[in-house]
Amino acid sequence: MINLKDFLPSLNIKDRKIFVENFDLENLKKETPIFVYSKEAIDYFINKVKNAFKDYDTKIFYAVKANSNINILKIYKENDIGFDTVSKGELFRVLKVEKDLENTIFSGVGKREDEIEYALKNNILAINVESFSELKTTLKVAQKLNKIANISIRVNPEVNPKTHPYIATALKKSKFGVSFKDALLMYKLAKKEKYLNPIGIHFHIGSQIFEKEPFLEALDKTLEFIKVLKKENIILDFIDIGGGWGVKYSPNDPLFPLEDFAKKVINKLKNFEYKLKLFVEPGRYLIANTAIMLTKILYIKKNEDKTFYICDAGMNDFPRPSLYQAYHYIEPLYQNKEDIEIVDIVGPICESGDFLAKDREIKKCQEGDLLVCFSAGAYTMSMASNYNSRPRAKEILVKKDKHIVIRKRETLEDLICREILGD
Ligand SMILES: *Cc1c(COP(=O)(O)O)cnc(C)c1O
C-alpha cells in the first residue's frame with residue numbers, strides 16, 4: 001500500500017480529494033501549473049533534523065540551491081538554521097532575510113573575485129575553498145579589503161555514493177574538492193598567511209544518497225586527516241559533512257536512516273582527539289517533501305499502443321524527469337477513480353524529452369482532471385526555466401486552511417523585460 005504521507009507528511013484526504021494540510025487543492029483548478037508548499041511539512045523536517053543531532057554541538061545550514069525562494073529562506077532563518085550558498089545571487093537572497101552572512105557558508109567550485117569580495121564584506125562565516133588557485137584569490141581579496149578570511153577546505157574523500165553520476169561529487173575524477181595531499185599544502189599556506197584563517201574542513205559527496213556508509217567512510221578518512229593537521233599545529237573549529245541525504249520520490253525508495261546516521265556521526269566525533277563542532281548542509285532533505293505541483297490534463301491522446309496525458313506543466317516547470325530521468329510520484333487529485341491504465345504524462349514543450357512520467361501506471365483520468373506531482377520542493381522551481389517562452393509558475397505557502405503567495409506567476413512582459421529591440 002502506498003502511503004501518500006511518505007511524500008508529504010502534512011497531506012490529508014477529505015471528500016475523496018487530496019488536501020495540503022486543510023487547504024483544498026480544488027481551489028487552484030484555474031491556477032495551474034502551481035507549486036504548493038506546506039508550512040507544517042517544512043517544520044516537520046526541520047524538527048526531524050534538529051532532533052537527530054540534538055546530542056551534539058551541531059549547526060544546520062540549508063543548501064539554498066535546492067529552493068531559493070526568500071520566503072522559504074525566511075522560515076529557516078526563524079528556526080536558527082544557517083545557509084550554504086554557491087553564488088553571489090544566493091548570497092544576495094540570504095541578505096534579504098539576514099542582516100549579514102555570519103550564519104552563511106560560501107561553497108562552489110568556481111567563485112569569482114567579486115563574489116568572494118561580496119562574501120567577505122558581508123562577514124561570511126567561512127569560504128569553502130575548492131582549489132589552490134582559489135585560495136590565492138581569496139588571500140588577494142582579503143588583503144585588498146584588509147579583512148581576515150575564515151576558510152575551510154573542501155576535500156574529496158574519494159568514496160562512491162552509488163547515486164546518479166550527475167549528482168555524485170566525490171569520485172576520483174570529480175571536479176569538486178581537493179585531495180588530502182593538496183589540502184595539507186593549502187592548510188599550511190593558510191596558517192602562514194595573516195589574512196587567511198583556516199577554521200574548518202568540508203566534504204559533500206553527492207546527492208540523493210540512501211546509505212549512511214559512504215558518509216561514514218568519508219568522515220573516517222577526514223578525521224584521520226584532521227589528526228595529520230593537528231601534528232602541524234593546525235587546529236580546526238568545525239567539520240562540515242555536507243548534505244546529500246536521500247528523499248522519497250518513488251514508492252520503492254527507502255527512507256534515509258537519519259537518526260541512526262546521526263548517532264554514528266556523533267559517536268565518532270565524541271571519541272575524537274579534540275572537540276570539533278559539527279556542521280551539516282542538507283538541501284533536498286529539508287525541502288523536497290514539503291511541496292507538490294498541481295497540473296491540469298489538457299488533452300488525452302492515443303497513438304497506436306500508447307496513451308498520453310498532455311499537461312499544462314512541462315520540463316521548464318518540472319525539470320528533474322527530463323534532466324535526470326528522475327521518478328516523481330503522481331496521483332489524480334480526485335481519489336474516486338478505480339480503473340488503472342499505463343500512460344506517458346507529458347508537457348506541451350516541443351521536445352521528446354519533455355515528460356513528467358513515462359509508462360506510468362495511474363488511475364484513469366479524463367481531460368480537465370488535475371494531477372498532483374509529489375516531492376516537488378527541491379531542485380524543481382530553483383531549476384525551472386522559461387524555455388519555449390513559458391512564464392514560470394506561481395508558488396504559494398499553505399498554513400492550515402490559509403495560504404500566502406510567495407511568488408507571483410510570471411507575465412508575458414516579464415519574459416522580454418531584459419531584451420532590447422535594436423533598429
Ligand atoms: C548541493 C549541495 C548541498 C546540498 O545537497 P542536497 O543533496 O540537496 O542535500 C550541500 N552542500 C554543498 C556544498 C552542495 O553543493
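Reader: How far apart are the end C-alpha atoms of helix α5, and what span should its 14 residues have?
Author: Keep in mind that this is a predicted model. Helix α5 covers residues 132-145, and at 1.5 Å a residue its 14 residues should span 20 Å. The expected span counts 1.5 Å times one less than the number of residues. The end C-alpha atoms agree with that, being apart by 20 Å.

Reader: Which residues of α5 are buried, and what covers them?
Author: Buried here means under 20% relative accessible area. In α5 that goes for Glu 134, Leu 135, Thr 138, Leu 139, Val 141 and Ala 142. Their cover includes α4 (113-121), β8 (126-129), β9 (149-154), α6 (180-192) and β10 (196-202).

Reader: Which residue just after α5 takes a positive phi?
Author: Look just past the end of α5. The phi there is about 55 degrees, and the residue is Asn 146.

Reader: What about α6, how far apart are its end C-alpha atoms?
Author: The sum runs the way it did before. With 13 residues at 1.5 Å a residue, α6 should span 18 Å. The end C-alpha atoms agree, since they are apart by 18 Å.

Reader: And which elements cover the buried residues of α6?
Author: The buried ones are Ala 183, Leu 184, Met 186, Tyr 187, Leu 189 and Ala 190. What lies over them includes β8, α5, β9, β10 and α7.

Reader: What distance separates an oxygen atom of the ligand from the side chain of Lys 65, and how much of the ligand does the protein bury?
Author: For Lys 65, an N or O atom of the side chain is 2.7 Å from a ligand oxygen. Asp 84 has a side-chain N or O atom 3.3 Å from a nitrogen atom of the ligand, while Gly 283 uses a backbone N or O atom, 3.0 Å from a ligand oxygen. Taken alone, the ligand exposes 390 Å², and the share of that buried by the protein is 95%.

Reader: Is Lys 212 buried or exposed?
Author: You'll find Lys 212 in the loop between β10 and α7 (213-231). Its relative accessibility is 14%, so Lys 212 counts as buried.

Reader: Which side chain makes a polar contact with the side chain of Lys 212?
Author: Leaving out residues up to four places away in sequence, Lys 212 touches Pro 257, Asp 260, Phe 261 and Lys 264. The polar contact between side chains is at 3.3 Å, and the partner of Lys 212 is Asp 260.

Reader: Which backbone oxygen does the side chain of Asn 69 reach?
Author: Asn 69 is in the loop between β5 (58-63) and α2 (70-78), and its relative accessible area of 7% makes Asn 69 buried. Not counting residues up to four places away in sequence, Asn 69 touches Arg 93, Glu 395, Ile 406 and Arg 407. At 3.2 Å, its side chain reaches the backbone oxygen of Ile 406.

Reader: Where is the cis peptide bond next to Pro 33, and what is its omega?
Author: Pro 33 lies in the loop between β3 (23-24) and β4 (34-38). The cis bond joins Thr 32 and Pro 33, with an omega of about -10 degrees.

Reader: What is the phi of Asn 123, and what is the phi of Glu 158?
Author: Asn 123 is in the loop between α4 and β8, and at 30% relative accessibility it counts as partly exposed. Glu 158 is in the loop between β9 and α6, and it is partly exposed, with a relative accessible area of 35%. Neither is a glycine, yet phi is positive: for Asn 123 about 60 degrees, and for Glu 158 about 50 degrees.

Reader: How many Å separate the C-alpha atoms of Ile 300 and Cys 350?
Author: Ile 300 belongs to strand β13 (residues 291-303), and at 24% relative accessibility it counts as partly exposed. Its contacts, leaving out residues up to four places away in sequence, include Thr 307, Tyr 309 and Gln 366. Cys 350 is 50 residues away along the chain, and the separation of the C-alpha atoms is 17 Å.

Note on methods:
Residues numbered from 1 in each chain as written. Predicted model: local features only at pLDDT ≥ 70, side-chain atom pairs only at ≥ 80, totals over all residues. Heavy atoms only, no water. Helix = DSSP H or I, 4+ residues; strand = E, 2+ residues; numbered from the N terminus. Buried < 20%, exposed > 50% of the residue type's maximum accessible area, 1.4 Å probe, protein only. Contact = heavy atoms within 4.5 Å. Polar contact = N/O pair within 3.5 Å; in protein donor to acceptor, adjacent residues only side chain to side chain. Areas by Shrake-Rupley, 256 points an atom, 1.4 Å probe, with all protein chains shown as cover.
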